[in-house]
Amino acid sequence: MLRFCDLILKAFLVAFFTKGAFTIDVVNEIDMFKEFGLLVKPLPQGVTSTQGQNNSSGAFRFTTQAQNLVANQTAFNNTDTLIHDSKDFWVSAWVKLDANDFSGNTILSISSADGNDLYFKLKISGVSDRGGLKVVVSVRQPEEDDPKRIEASSADHELDYRKWNKVAVRLQEGERVIRIYIDDMVNPAKVDMLSGIAPFPKNAQLRLAQELSKGGENQLTIIDKFKGDLQDVKLMRGNLNDCPPLTTCKCSDALQQKKCVMDGLRYDDGARWTKNNCTVCKCESGHMTCTYTCKVCVDDGQQYLQDETWKMSNNTCYTCRCQDGQSTCNPPSCPVTNCPSGKTVLPEGECCEICKEKYCERKGKEYNSCGCEKTCVNPSGSCSSCKEGCFCKRGEILNSRGECEANSNCGCIYKGKEYKSGGHHLDKCTYLYCAGKKPTLHNFCRK
């Protein structure tokens, strides 16, 4: 009997390990639009179809109205497996940003369900309102004692972010590098050595075009929403012998030999070369190491590279640029004002002064260089001394809430106080009834 059981066990093991007896599906590419259900209507709120860079796949416009674009558990599990099993993966997308809201645009993010921890994020921004495209990759490292998040960033100052551009990033644990591609060109990325990617919690959330974070008072909030158009957002398994998933790829960017390949050029072991004016690279046993040699600029602890532009930390109206380690900051370019009063005002949160007439018009009022406020208590607007400012228009009064409304909405005035139409108990004995702006008093305590 024992021998029979042994035979059965051996037969099972042979069947299990025989090639073709059992197959395991290996996911090599994940189409995020398909996984998030965007290829099947109706589309989520804040997402609409749009004309893409090509006609081979769907393209979508995302707005700030988009809410909770979270992948299902199967899509998350496939993403988790591809990232952690491959140790080498790509994220790529065609992107086009809105002209008026070009900062903080998330393409993909993976965060904990409570919003406390961010494990992966690919984000793009316009460099300035004049153009340029910046790519930032955030990765949580697997250190158990002191987990940290590293960032790789790269920018192309010549691109127009309002047009379609191809963005791709490749993370290779074996090479310990993060490579950033913008329109098929490898861009230098300043980053600490990549030691790996921390495991994702089983209840982590994979989100498209947004990030989940914990805001004030520990409230979950969605931040860095993508504002613009996306197409072909994909996650792909990498391979040392494959071509990058870019449109003009001709050769690999990593080889299992002592020589190095960068941007289509082969370098011998020990070779040193200048990649651009600020980057010097060297090849050591098949591993490339690039060093940024130009001086950097620092603003409020944030480093900026040569030719990078940003908004000044203590005055966001000023645009700064880094040149040879020196920050040059310029004020905003504001239109010339031609005000009837000759006076301007700087609205809160804005960078350019506007005419006081226009400022008052925005508030639904009109400018007066010497006026008096009309209220229900003072409908004639008489005062001992006038003042400059924004006043309610003709036929309107300023109510108790500081808003302008028709003077016909005024109630009754009794002892300098306004009472709306209807009845009002002034005290336990006195009742005031207001009708047609005329108050009528009733005293219930008289004997």
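**View 1. Phe 76 and Phe 200 are both buried.** Buried here means under 20% relative accessible area, with over 50% called exposed and partly exposed in between (1.4 Å probe, protein chains only). This is a predicted model, in which local features need pLDDT of at least 70, side-chain atom pairs count only at pLDDT 80 or more, and totals for chains, interfaces and linings use all residues. Residues are numbered from 1 along each chain as its sequence is written, and side-chain values use heavy atoms, leaving out hydrogens and water.

View 2. Rings of Phe, Tyr and Trp (its six-membered ring) pair if their centres lie within 6.5 Å; planes under 30 degrees apart are stacked, over 60 edge-to-face, and the rest tilted. By this rule there are ten aromatic pairs. Phe 33 belongs to helix α2 (residues 32–35) and Phe 60 to strand β3 (residues 59–62), 27 residues apart. Helices (H or I, at least four residues) and strands (E, at least two) are DSSP runs, numbered from the N terminus. Phe 33 is buried, at 2% relative accessible area, and so is Phe 60, at 4%.

**View 3. Here is the pair of Phe 76 and Phe 200.** Their ring centres are 6.3 Å apart and their planes at 45°, so the pair is tilted. Because Phe 76 lies in helix α3 (residues 73–86) and Phe 200 in the loop between β11 (185–187) and β12 (205–208), the pair ties together parts 124 residues apart in sequence. Phe 76, Tyr 119 and Phe 200 form one aromatic cluster.
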